[in-house]
Amino acid sequence: KQKTAYEISLGLVGSEMCIRDREEIEAAMESVGSTYFNEDAEHARACVEKTMAAYEKLLESAASEDARGRVRRSMGLKMEQLRGELKMMDSAHDDH
């Protein structure tokens, strides 16, 4: 069975984009206290915002409430984890 564009998008948001975002947050965390932190943190925030927007778009484009529920079950925790990691990054900067 071939995957639909919707299923492909779901996979990208759910895995590849989250991996990229976590790497960007990690890079920012490694630069806490340096002159590079603000730029690294801004880049990480922009990446996470794009991922969150893609997630919301997937929810909006889901054909039914059942489909939206599947998206939330498969990706909701990943999105919450990204939000939490972003908050940790921001608080790490506040601590320095």
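D21 is buried, with a relative accessible area of 0%. Buried here means under 20% relative accessible area, exposed means over 50%, and partly exposed lies in between (1.4 Å probe, protein chains only). This is a predicted model, in which local features need pLDDT of at least 70, side-chain atom pairs count only at pLDDT 80 or more, and totals for chains, interfaces and linings use all residues. Residues are numbered from 1 along each chain as its sequence is written, and side-chain values use heavy atoms, with hydrogens and water left out.

Start with the overall layout. The protein chain has 3 helices and 0 strands. Along the sequence, the pattern reads α-α-α. Helices (H or I, at least four residues) and strands (E, at least two) are DSSP runs, numbered from the N terminus.

Now return to D21. This residue lies in helix α1. Leaving out residues up to four places away in sequence, D21 touches C47, V48, T51 and L82. A contact means heavy atoms within 4.5 Å. C47, V48 and T51 are among the buried residues of α2.

Helix α2 spans residues 37-61, 25 residues in total. From its first C-alpha to its last, α2 reaches 36 Å, close to the 36 Å expected at 1.5 Å a residue. That expected span is 1.5 Å times one less than the number of residues in the helix. The buried residues of α2 also include F37, A41, A44, M52 and Y55.

Next, the cysteines. C18 is buried, with a relative accessible area of 1%. C47 is buried too, at 9%. How many disulfides does the model have? The count comes to 0. The rule asks for a pair of cysteine sulfur atoms within 2.5 Å. A disulfide is a covalent bond between the sulfur atoms of two cysteines.

Follow helix α1 to its end. This helix covers residues 5-30, and E30 is part of it. Is E30 buried or exposed? E30 is exposed, because its relative accessible area is 63%, and the cut-off for exposed is over 50%. E30 and M89 are 59 residues apart along the chain, yet their C-alpha atoms are separated by 9.8 Å.

Finally, the chain as a whole. Buried residues make up 33% of its 96 residues. Of the contacts with a separation of 6 or more, 74% come from residues 24 or more positions apart. The chain exposes about 6300 Å², and carbon and sulfur atoms supply 53% of that area. Accessible areas come from the Shrake-Rupley method with a 1.4 Å probe; for residues, only the protein chains shown count as cover.
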